[in-house]
Amino acid sequence: MSRPPLPPFDAETAALKTRLAEDAWNGRDPEKVALAYTPDSVWRNRSTFIRGRAEIIAFLAGKWAGEQDYRLIKEVWAFRENRIAVRFAYEWHDAAGQWFRSYGNENWEFDEAGLMRRRLASINDLAIAAADRLFHWPQGRRPDDHPGLSDLGL
């Protein structure tokens, strides 16, 4: 199975790979998202360590059950050969209605088929008022005309 764009990445293909990942995560379908990773993919997500697609699916299902009305924006920070570093922010609220903006960085490593074999994520959560939200679009893919992180001053 191949998952273009394939490494080695240039500025255009790194940006496309990042947008495709953002789109998939905004779709919030754990099984579909997991197909972008190698069967034995290794993750560190905050202090959680995950290995393989089955664990990715279980993790994402739990994540999106708790992080309601999730909206994500990713942006390339750097790239080289088969690696991409991204920064991101996402907004969500918990079951009590408290909104958060979560900020973070991810380091990605891909195999030759374009599947991610390693994902290392560092994330911090900031409680925000609903009036301070910046990510306003219907659930799903971020519209092309919605500002990105840099445009929003994040």
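Glutamate 22 touches Leu72, Ile73, Lys74 and Arg142, leaving aside residues up to four places away in sequence; a contact here means heavy atoms within 4.5 Å. This glutamate is found in helix H1, residues 11-27. Helices (H or I, at least four residues) and strands (E, at least two) are DSSP runs, numbered from the N terminus. Glutamate 22 counts as buried because its relative accessibility is 0%. Buried means under 20% relative accessible area, exposed over 50%, and partly exposed in between, with a 1.4 Å probe and protein chains only.

A word on the model itself: it is predicted, so local features need pLDDT of at least 70 and side-chain atom pairs count only at pLDDT 80 or more, while totals for chains, interfaces and linings use all residues. Residues are numbered from 1 along each chain as its sequence is written, and side-chain values use heavy atoms, with hydrogens and water left out.

Now to the overall fold. The protein has three helices and six strands, which follow the pattern α-α-β-β-α-β-β-β-β along the sequence. Among contacts between residues at least 6 apart in sequence, 57% join residues at least 24 apart. The radius of gyration, taken over C-alpha atoms, agrees with that of a compact globule, because 154 residues would give a value near 15 Å and the protein has 15 Å. The globule rule is 2.2 Å times the number of residues to the power 0.38.

| Property of the protein | Value |
|---|---|
| C-alpha trace span along principal axes | about 45 × 30 × 25 Å |
| Buried share of residues | 45% of 154 residues |
| Accessible surface | about 7,800 Å² |
| Surface belonging to carbon and sulfur atoms | 54% |

Accessible areas come from the Shrake-Rupley method with a 1.4 Å probe; for residues, only the protein chains shown count as cover.

The structure holds one cavity of 30 Å³ or more, and the largest cavity has a volume of about 50 Å³. A cavity is a set of points on a 1 Å grid over the protein atoms alone where a 1.4 Å probe fits but cannot get out, and lining residues have an atom within 4 Å of a point. Grid points are joined across faces, edges and corners, and a volume is the space filled by probe spheres set on the points.

The lining of the largest cavity includes Trp25, Leu72, Lys74, Glu106 and Arg119. Strands S3 (68-80), S4 (83-93) and S6 (116-128) each give two or more residues to this lining, and the largest share, three residues, comes from S3. Leu72 and Lys74 in the lining are also among the residues that glutamate 22 touches.

How values were computed:
1 Å grid on protein atoms, 1.4 Å probe; cavity = no way out; pocket = protein on both sides within 12 Å on 5 of 7 lines; lining within 4 Å.
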